[in-house]
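Hi everyone, thanks for coming along. I'd like to walk you through one structure today, so please have a look at the screen.

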Amino acid sequence: KPWPEAHDWVGVHREERRQQVVLMVDTSLSMSGENMAIAAVAAAVLALKLPPEDLSVVVFEDQARAVTRLHAGDPPVEVVRRMLDQPVRGYTNIRAALELGAAELERGHDPRRTGLLITDGVATVGGDPVPMAHRFPRLFVLLTEDYKMDAALCRRLADAGHGDVFPVRTYRDLPRRLLDVANRVLR
């Protein structure tokens, strides 16, 4: 047409939907044996879903350690190997996990940053972790259900971190549940 009309024009706007994520996994004594192997599989599921440089994995017991960091670009197999190399011992310091996890996210450049915490919510050392949850733009808690879980603490953590709690009935359900949560919250 010599003079296009309004309905002749089409505009396309593309926006990258990347998101940086820190996964914090309890490696205290309650995670010994098969539970730790299943947690490593769950981390692999997330590592395969995200670009490697957009994932940090923090393991915690008495202390917290990053097994992979944002921008490192470690392949999923390396993430799993490092997780399985971690000793399963000690008490549960959720506060230390949140402190290191928040510091990892603060290293990120993407405005979409999320924390995923896998725990039964029983914080045995380190003090009240709720103040640390406020540092997260979004924090989601995967509550591993058992007889000693603290669902109330997990709810307070998720509320403080502008997120939600997702129950995980058994450790064998963890990889599938983490994938479900990732598909829901990482859109």
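Let's begin with helix α3, residues 94-106, which lies across β1, β2, β3, β4 and β5. Its direction runs at about 165° to that of β1. For your bearings, β4 covers residues 113-119 and β5 covers 139-144. Please keep in mind that what you see is a predicted model.

Now, what order do the strands of the sheet take? Reading across, they go β3-β2-β1-β4-β5-β6, six strands in an open sheet with mixed pairing. The edges are formed by β3, residues 64-68, and β6, residues 165-168, and each of these pairs on one side only. On average, neighbouring strands are turned by 20° against each other, direction ignored.

Strand β1, residues 20-26, and strand β2, residues 55-60, pair in the parallel sense over six bridges. If you'd like to find one of them yourself, look for Val21, whose bridge partner in β2 is Leu55.

Next, let's visit the loop between β3 and α2, where we find Asp74. Is Asp74 buried or exposed? Its relative accessibility is 15%, and buried means under 20%, so Asp74 counts as buried.

And which residues does Asp74 touch, leaving aside those up to four places away in sequence? They are Pro52, Val67, Thr68, Arg69, Val79 and Arg82. With two of these, the side chain of Asp74 makes polar contacts: one with the side chain of Thr68 at 2.6 Å, and another with the side chain of Arg82 at 2.8 Å. Asp74 and Ala47 are 27 residues apart along the chain, and their C-alpha atoms are separated by 9.0 Å.

Last stop: the aromatic rings. How many aromatic pairs are counted? The count is one. The partners are Phe140 and Phe166, with ring centres 6.0 Å apart.

Technical notes:
Residues are numbered from 1 along each chain as its sequence is written. This is a predicted model: local features need pLDDT of at least 70, side-chain atom pairs count only at pLDDT 80 or more; totals for chains, interfaces and linings use all residues. Side-chain values use heavy atoms; hydrogens and water are left out. Two strands pair if DSSP finds at least two bridges between them. Helices (H or I, at least four residues) and strands (E, at least two) are DSSP runs, numbered from the N terminus. Axes are lines fitted to C-alpha atoms, for helices over the stretch in contact, and angles run from 0 to 180 degrees between N-to-C directions. Contact means heavy atoms within 4.5 Å. Buried means under 20% relative accessible area, exposed over 50%, partly exposed in between (1.4 Å probe, protein chains only). A polar contact is a pair of N or O atoms within 3.5 Å; within protein, one must be able to donate a hydrogen and the other to accept it, and residues adjacent in sequence count only if both atoms are side-chain atoms. Rings of Phe, Tyr and Trp (its six-membered ring) pair if their centres lie within 6.5 Å; planes under 30 degrees apart count as stacked, over 60 as edge-to-face and the rest as tilted.
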